[in-house]
Amino acid sequence: MTTDLHTHTAYSYDAADRPLRQHVQAAVQGGIDVLGFTEHVEFFRTDALSESDFVPDEVDYAGYAREIAPFRTGRMILPDIAAQQRDIAACREEFAGKITLRAGIEMGQPHAAPELADQLQAEFPFDYVIGSIHQTAADMDMYFYRYENISQSDFLHAYFDEMEAMLAYGNFQVLGHIDYPLRVMKLPHNRPSLKGYMERVDIILKGIIERGIALECNTKGLLGWQQAVGPEDFVLARYRELGGEYITTGSDSHAPESIGTGIPQALDRLRAFGFAYVTDFENGKAIQHRL
């Protein structure tokens with residue numbers, strides 16, 4: 001069973017301007033059995049940021065102002081979920097028997113505005129919610145920090161603080177890309193890793209196991225400096241050692257061309273680590289497909 005449960009279409013602010021139907025076509029052509037759409041919904045603690053909120057040279061505020069701020073409406077970045085779900089319904093009818101489509105969502109920092117996150121989940125029938133950390137507690141996207149000018153260790157500890165707070169919120173089914181900061185922290189002289197932070201990782205892994213939340217095996221690292229499916233081997237091994245069973249695979253695709261990228265490698269990797277099933281969701285309930 002080939003599942004890609006983390007994808008973005010033109011409804012996400014940072015994805016290619018291509019119709020959802022093209023993503024489905026690409027998935028069918030690529031042999032994907034289950035495809036989940038998870039548009040970005042981002043939550044913030046404040047209504048807006050200003051450059052004076054940050055230490056000089058700590059962040060690329062101009063980049064944030066250009067790429068993130070225009071899409072914010074107060075404490076949210078909110079796509080047209082109603083329209084997206086209508087598109088999914090139409091594609092379910094058109095591609096019936098060829099592929100299973102899931103209506104998911106990726107919530108960034110839902111604990112930053114839990115009342116808004118809960119309201120959204122009450123309004124729309126999501127098959128599952130991915131909970132992710134993209135912004136720091138200062139409401140700044142991790143892509144815009146100048147990592148050469150800050151303590152990467154302090155940053156990662158702050159990241160795990162946010163993840164623990166999101167886990168305490170708990171109203172989601174999948175923990176998205178536990179190693180997300182590694183994508184952007186690479187400098188010429190370092191190779192960032194979670195290896196020195198396993199005490200923090202353990203807290204997260206034990207927490208999701210206790211709550212029945214799935215760990216995501218995200219393949220986007222294959223396209224970046226890591227050249228590997230995430231999370232790192234020792235994180236995956238520890239999750240298995242702790243008894244973790246729920247695990248999803250997702251390409252984090254933002255264009256039809258990248259649908260399913262790395263999913264076969266991810267499934268092979270799960271088998272190598274002793275996992276017997278890959279997890280899927282329908283109406284919030286986990287479905288285990290044998291690998």
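Is Phe-160 buried or exposed? Buried, with a relative accessible area of 0%, where buried means under 20%, exposed over 50% and partly exposed in between, using a 1.4 Å probe and protein chains only.

Before going on, some housekeeping. This is a predicted model, with local features needing pLDDT of at least 70 and side-chain atom pairs counting only at pLDDT 80 or more, while totals for chains, interfaces and linings use all residues. Residues are numbered from 1 along each chain as its sequence is written, and side-chain values use heavy atoms, leaving out hydrogens and water.

Okay, rings. There are 10 aromatic pairs in the structure; rings of Phe, Tyr and Trp (its six-membered ring) pair if their centres lie within 6.5 Å, and planes under 30 degrees apart are stacked, over 60 edge-to-face, the rest tilted. Phe-160 pairs with Tyr-159: the centres are 5.3 Å apart and the planes at 65 degrees, so call that one edge-to-face. Tyr-159 is buried too, at 2% relative accessible area. Then take Tyr-145 and Tyr-147, with centres 6.3 Å apart and planes at 45 degrees, so that pair is tilted. Both of those tyrosines are buried, and ring pairs join Tyr-145, Tyr-147 and Phe-155 in a cluster.

Now the helices, which are DSSP runs (H or I, at least four residues) numbered from the N terminus. Phe-160 comes back here, in H5: along with His-157, Asp-161, Met-163, Glu-164 and Leu-167, Phe-160 meets a set of H6 residues including Val-201, Ile-204 and Ile-208. Contact here is heavy atoms within 4.5 Å.

H5 (residues 152-169) and H6 pack at about 15 degrees with axes 10 Å apart. Those axes are lines fitted to C-alpha atoms over the stretch in contact, with angles from 0 to 180 degrees between N-to-C directions. The two are therefore roughly parallel: under 35 degrees is roughly parallel, over 145 roughly antiparallel, 65 to 115 roughly perpendicular, and the rest oblique. Their crossing is left-handed, as when the near helix is turned anticlockwise from the far one by less than a right angle; clockwise is right-handed.

On to H6 (residues 198-211) and H7 (residues 233-241): their axes come within 10 Å and cross at roughly 40 degrees. That makes H6 and H7 oblique, and their crossing is right-handed. Val-201 and Ile-208 are among the H6 contact residues, and Phe-234 and Tyr-239 among those of H7.
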